[in-house]
Amino acid sequence: MKREVWIGIDVGSITSKVVVIDEQERVLASTYERTRGRVVESVKEGLREVVAALAGHTVTGCAATGSARRLVGALVNADVVKNEITAHARAIHALCPSARTLIEIGGEDSKIVILRDGIPYDFAMNTVCAAGTGAFLDQLAGRLGLPVEELGDLAAVSTREVTIAGRCTVFAESDVIFKQQTGHRIEDIIAGACRALVRNYLNDVGKGKTIESPILFLGGVAANAGIREAFVEALGLPVTVPEHHNVMGAFGAALIAKETVVSATKMRSLDEIRSSDFRAETFTCPHCPNECEIVRFLRDGLATAHLGGRCERWTAEGTQASGAVRRAESAST
């Protein structure tokens, strides 16, 4: 029986996620993989992997989110493009309407969202430092010669508390080396690093926020049991890691698409997306002293969308945008 399905795509700094949901908002298929700097290729691969779940069904809507949402939106011609705060909040409201705090830690960014009746009431993101993100754990795993996926299990068997300086990844690595050289066990060092990451997160991202239960922990780092236990210890409150925690942004995007698209989707077919030559280029807008750097998305050599600029010249639709493209091209030749 043919059913309607909706697609959510979330591409962040480190990973790409694709989720397909049905009419009952159940996850039919999902993918989670490292982007490795190849956003376009990773999205195409993610869509290829979920094709089996789409067989015989009709794609009714598609939404993009994450730090690369504009690029992804142009690539697939998404119906909706939303920021990750909105996408995560929508996903959590579907899973736990009473949730009050959302902790999300990704590869190179982390955020906290305070919810009131399912609506984002306050939020914050990390600054330039990655000490409270998954990059901290990646660096630790590399230093110890371990797969990052094993860190949580090792932290769980720690029996002694070891303090690791966590305000900076550079200082943390130096402290890890010192603790190794003074004979501390690997599992105790890892547990100390988990507490350091949580301490840094709460002092930076969570500073000044009223963290209340129910608390949900999302993102790839939520799979690390050592980090979850460190949050429980620091907050004195239960912390829940929901199913599909690592693709929650894509899940929320799919839900938004389901609620937003009222007619046929604008999304390009999967065959068109996979076979198209899609790339980005930049140029400087010559129309005023701001000299804004504009990102132009090209599909098979034709401009499809633009990003950047302090005015609406490059975000206008229809003939105005087309005219702007022609004027800029003429000025640059």
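Analyst: Happy to. Let's begin with a strand pair: S11 and strand S12 (residues 293-299) run antiparallel and are joined by seven bridges. Two strands count as paired if DSSP finds at least two bridges between them. Helices (H or I, at least four residues) and strands (E, at least two) are DSSP runs, numbered from the N terminus. Keep in mind that this is a predicted model, where local features need pLDDT of at least 70 and side-chain atom pairs count only at pLDDT 80 or more, while totals for chains, interfaces and linings use all residues. Residues are numbered from 1 along each chain as its sequence is written, and side-chain values use heavy atoms, with hydrogens and water left out.

User: Which residue of S12 is the bridge partner of Phe283?

Analyst: That is Ile294. As a general idea, strands of a sheet pair through backbone hydrogen bonds, either parallel or antiparallel.

User: What is the strand order in the sheet that holds S11 and S12?

Analyst: The order is S11-S12-S13, an open sheet of three strands with antiparallel pairing. Strand S11 (278-284) and strand S13 (302-307) are the edges; each has a single partner strand, so one side of each lacks a neighbour in the sheet. From one strand to the next, the twist averages 30°. Helix H2 (residues 69-76) packs on this sheet and touches S11, S12 and S13, and its direction makes about 30° with that of S12. Contact here means heavy atoms within 4.5 Å. Axes are lines fitted to C-alpha atoms, for helices over the stretch in contact, and angles run from 0 to 180 degrees between N-to-C directions.

User: What order do the strands take in the sheet of five?

Analyst: They run S3-S2-S1-S4-S5 in an open sheet with mixed pairing. You can see both pairing senses here. Strand S4 (residues 58-65) runs parallel to S5, with two bridges between them, and Ala63 stands opposite Val80 in S5. H1 packs on the sheet, where it touches strand S1 (4-11), S2, S3 and S4; the direction of H1 makes about 155° with that of S3. H2 lies across S1, S4 and S5, at about 155° to S4.

User: How many bridges pair S2 with S3?

Analyst: Seven bridges pair strand S2 (residues 15-21) with strand S3 (residues 27-34), in the antiparallel sense. Ser16 faces its opposite number, Glu33, in S3. The two strands form a hairpin with five residues between them, and Glu25 in the turn has a positive phi of about 65°.

User: How do I read a helix pair, and at what angle do H1 and H2 pack?

Analyst: Look at the angle, the axis distance and the handedness. Helix H1 (residues 39-54) packs against H2 at an angle of about 55°, with the axes 11 Å apart. H1 and H2 are therefore oblique to each other; angles under 35 degrees count as roughly parallel, over 145 as roughly antiparallel, 65 to 115 as roughly perpendicular and the rest as oblique. Val39, Val40, Val43, Lys44 and Leu47 of H1 meet Leu71, Val72, Leu75 and Val76 of H2. By class, this contact has eight nonpolar, no polar and one charged residues. Ala, Val, Leu, Ile, Met, Phe, Trp, Tyr, Cys and Pro count as nonpolar, Asp, Glu, Lys and Arg as charged, and the others, Gly among them, as polar.

User: How do helices H7 and H8 cross?

Analyst: The axes of helix H7 (residues 186-204) and helix H8 (residues 225-235) come within 8 Å and cross at roughly 55°. H7 and H8 are therefore oblique, and their crossing is right-handed. Residues making the contact include Leu197 and Tyr201 of H7 and Ile227 and Phe231 of H8. The contact residues divide into 10 nonpolar, one polar and two charged.

User: Finally, is Arg185 buried, partly exposed or exposed?

Analyst: Arg185 has 35% relative accessibility, so it counts as partly exposed. Buried means under 20% relative accessible area, exposed over 50% and partly exposed in between (1.4 Å probe, protein chains only). Arg185 is in the loop between helix H6 (169-181) and H7. Not counting residues up to four places away in sequence, Arg185 touches Val157, Ser158 and Thr159. In the chain as a whole, 48% of the 333 residues are buried.

Terms used: A crossing is left-handed if the near helix is turned anticlockwise from the far one by less than a right angle, and right-handed if clockwise.
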